[in-house]
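Here are my notes on the model, point by point. Please read them with the coordinates open.

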Amino acid sequence: MAALALGLKSLATAAADLPAEAAFEQRCAQLAKTATVSVAFEDRPISWNTTHDDAQLRRLGSQPNPNHIVLGLTIARPTARLNVKHNSLTEASTGRACIAGSVALTLGFTEMSVYLASSLTNPCRRRIVEAHELEHVRIWRTHLRVGVHLAKPLIEQQLAEPLYADDPEAAEALLRQRVNEITAPILDRIRDAAHAAQRELDSPLSYQTAANRLRACP
C-alpha cells in the first residue's frame, strides 16, 4: 500500500462553547465526541494494453521463469489517502492540551492496468486470458471494498478518547503519530490479504487449468 499523505488541519474549539464549570478532562471528553471517521473506496477504470509481446510482458511482470509464456498481466498499484482534521483545547492554567482527530481515509489505485499479449489473436484464447486477468482486478477491488468496512470501526474505536499532551504542538504531533500507528497495520492487513488471494489465483493448479483450456481452443 502506498505511503499515506497525512494533513492536519487546525479547527480549534472555543472554550466558551463548553460549560465554564466543567473540568478540563470533561470538556476534552465532550470534544472527542465531535470527532468523525469516514472511510471510502475510489475505483479506477481499467487501462487496457495489447501492444506487448510475450517476452515484453514477462519482463514487465518480473516473471522469474524465463521460459514461462506470459499471455496476460495485471498491474495494480493500491494507494491510501488520509486526511486528519482536529479539534483541540488548551488548559489556561497549565498550558496542557487535549486533541481529538476526525479522520477521512480513501482507498483506491494509482494504476489499474491489464496487459494482453499481442499474440492473442484467437478469440477463444483471448477470452480465457482476459477472464483470468479480470479475476485479478476483481480480487483487488473486492479487498479494498472490504477494507473500507474493516477500517472504519477499528479507527473509530481507537480514536474514541482524546489525546493529552503538554502543549498544543505536542498534541498535534501525538495525534499524527497515533493515526499512523492505527492505520498502518490496517492497510498492511488489506494488502497482505489481497496478495495472498492473488497468489492463490496464480497457483500451479490454476495455471494448469488455464493451459488445458487454452489447448482446447480451436
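1. Start with helix 4. Helix 4 has 34 residues, and from its first C-alpha to its last it reaches 50 Å. The span expected at 1.5 Å a residue is 50 Å, and the helix comes close to that. Bear in mind that this is a predicted model.

2. The N-terminal end of helix 4 is capped by Asp 167. A side-chain oxygen of Asp 167 lies 3.1 Å from the backbone nitrogen of Glu 169.

3. Which residues of helix 4 are buried? They are Ala 171, Leu 175, Val 179, Ile 182, Thr 183, Ile 186, Leu 187, Ile 190, Ala 194, Ala 197, Gln 198 and Leu 201.

4. Arg 189 is also found in helix 4, which runs over residues 168–201. Arg 189 counts as exposed because its relative accessibility is 52%, and the cut-off for exposed is over 50%. Leaving out residues up to four places away in sequence, Arg 189 touches Leu 150 and Leu 154. Arg 189 and His 143 are 46 residues apart in sequence, yet their C-alpha atoms are 10.0 Å apart in space.

5. Now the nonpolar packing. The largest nonpolar core has 45 residues. Those with the most contacts inside this core are Val 39, Val 103, Leu 105, Leu 107, Trp 140, Ile 155 and Val 179. Strand 2, strand 4, strand 5, helix 3, strand 6 and helix 4 each supply at least two residues of the core. Strand 5 gives the most, with 10 residues.

6. What does Trp 140 touch, not counting residues up to four places away in sequence? The list is Ala 76, Pro 78, Phe 109, Met 112, Ala 194, His 195 and Gln 198. A second, separate core has 7 residues, including Phe 24, Leu 31, Leu 89 and Cys 98.

7. Turn to the rings. The count comes to 3 aromatic pairs. Phe 24 and Tyr 164 have ring centres 6.2 Å apart and planes at 65°, so this pair is edge-to-face; the cut-off for that class is over 60 degrees. The pair links distant parts of the chain, 140 residues apart: Phe 24 is in helix 1 and Tyr 164 in strand 6. Buried or exposed? Phe 24 is buried, with a relative accessible area of 4%. Tyr 164 is partly exposed, at 31%.

8. Phe 41 and Phe 109 form an aromatic pair that is also edge-to-face, with 6.1 Å centre to centre and 90° between the planes. Phe 41 lies in strand 2 and Phe 109 in strand 5, so the pair ties together parts that are 68 residues apart in sequence. Phe 109 is buried, with a relative accessible area of 6%. Phe 41, Phe 109 and Trp 140 form one aromatic cluster.

9. Last, helix 1. Its buried residues are Phe 24, Arg 27, Cys 28, Leu 31 and Ala 32. Why do they sit on the same side of helix 1? They cover an arc of only 145° around the axis, which puts them there. In an α-helix there are 3.6 residues a turn, so residues three or four places apart point the same way. The buried residues of helix 1 pack against strand 4, strand 5 and strand 6.

Methods. Residues numbered from 1 in each chain as written. Predicted model: local features only at pLDDT ≥ 70, side-chain atom pairs only at ≥ 80, totals over all residues. Heavy atoms only, no water. Helix = DSSP H or I, 4+ residues; strand = E, 2+ residues; numbered from the N terminus. Buried < 20%, exposed > 50% of the residue type's maximum accessible area, 1.4 Å probe, protein only. Contact = heavy atoms within 4.5 Å. Expected span 1.5 Å × (residues − 1). Polar contact = N/O pair within 3.5 Å; in protein donor to acceptor, adjacent residues only side chain to side chain. Phe/Tyr/Trp six-rings, centres within 6.5 Å; stacked < 30°, edge-to-face > 60°. Arc of directions from axis to C-beta. Core = buried A, V, L, I, M, F, W, Y, C linked by side-chain atoms within 4.5 Å.
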